[in-house]
Amino acid sequence: MNLKKHIPLFLALLISLSAHAQKNHTKQFKETLNEADILFDMDDFKNAERNYLSIYKEDSTNEQLNLNIAICKYKLKEFPDSILPYLIKVDKSKYAEAQFYEAKIFHLEHKFNEAIEHYGRYKKFDENKRDVKNAEVDRLIEVSKHAAEYMSNTHQAIIKNMGAT
């Protein structure tokens, strides 16, 4: 098999794949994303989430979009199982906050060891480029450790209604 014949074909395929990976967003997408970002920065998470979700189908692999949707859902106190799919898409991303919010979600789901692991990953990012400082992250790690300890020693109790008051 002559590999030299296949090199141009391979290069063409590689170039077309990399060009396809770069999204050409519509003007409407860019405007909605910009508006959502402004709302997000103003802590208007309900309207920011609505805008982010309206453009999500156009670029569901966008890491910043997934992270911002997850943060909105977290701030709006939505159920962890509705937040985690967005965070999983950014788990290996360059965004430190993805690790922080994954830790928060795992803690809420009583997966304390996973929470501690993600807090540890969060601390590996430059502290000056993160929203939460090490002292607070260390406190949250201790909270998760204590929660794991307390949950491992649960007590079974029966509560009976003592009658009408």
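In which helix does H118 lie? I looked this up and found H118 in helix α7, residues 112-123. I note that helices (H or I, at least four residues) and strands (E, at least two) are DSSP runs, numbered from the N terminus.

**Entry 1: the model.** I am reading a predicted model, in which local features need pLDDT of at least 70, side-chain atom pairs count only at pLDDT 80 or more, and totals for chains, interfaces and linings use all residues. Residues are numbered from 1 along each chain as its sequence is written, and side-chain values use heavy atoms, with hydrogens and water left out. I checked pLDDT, the predictor's confidence in each residue, from 0 to 100. The chain averages a pLDDT of 87, and 85% of the residues score at least 70. Over residues 9-22, pLDDT stays under 50, and the model has zero contacts beyond four places in sequence for them; a contact means heavy atoms within 4.5 Å. Where pLDDT is low, the predicted coordinates should not be read in detail.

**Entry 2: the chain as a whole.** I recorded eight helices and zero strands. The elements run α-α-α-α-α-α-α-α from the N terminus on. Of the 165 residues, 32% count as buried; buried means under 20% relative accessible area, exposed over 50%, and partly exposed in between (1.4 Å probe, protein chains only). Among contacts between residues at least 6 apart in sequence, 48% join residues at least 24 apart. The chain exposes about 11700 Å², of which carbon and sulfur atoms supply 57%; accessible areas come from the Shrake-Rupley method with a 1.4 Å probe, and for residues only the protein chains shown count as cover.

Entry 3: Is H118 buried or exposed? I find H118 buried, because its relative accessible area is 6%. Leaving out residues up to four places away in sequence, H118 touches D91, Q99, E102, A103 and F106. With Q99, the side chain of H118 forms a polar contact of 2.6 Å. Such a contact is a pair of N or O atoms within 3.5 Å; within protein, one must be able to donate a hydrogen and the other to accept it, and residues adjacent in sequence count only if both atoms are side-chain atoms.

I then listed the buried residues of α7: F112, A115, H118, Y119 and Y122. They cover an arc of only 120° around the axis, so they lie on the same side of α7; the arc is that of the directions from the helix axis to the C-beta atoms. The buried residues of α7 pack against α6 (96-108) and α8 (134-152).

**Entry 4: helix α3.** I found F45, A48, E49, N51, Y52 and I55 buried in α3. Their arc around the axis is only 165°, which puts them on the same side of α3. The buried residues of α3 pack against α2 and α4. The face of α3 turned away from its buried side carries the exposed residues K46 and S54.

**Entry 5: two loop residues.** Where is D43 found? I located D43 in the loop between α2 (27-41) and α3 (45-55). Its phi is near 65°, a positive value in a residue other than glycine. D43 counts as exposed because its relative accessible area is 53%. K77 is found in the loop between α4 (63-75) and α5 (80-88). K77 has a positive phi of about 60°, although it is not a glycine. At 73% relative accessibility, K77 is exposed.
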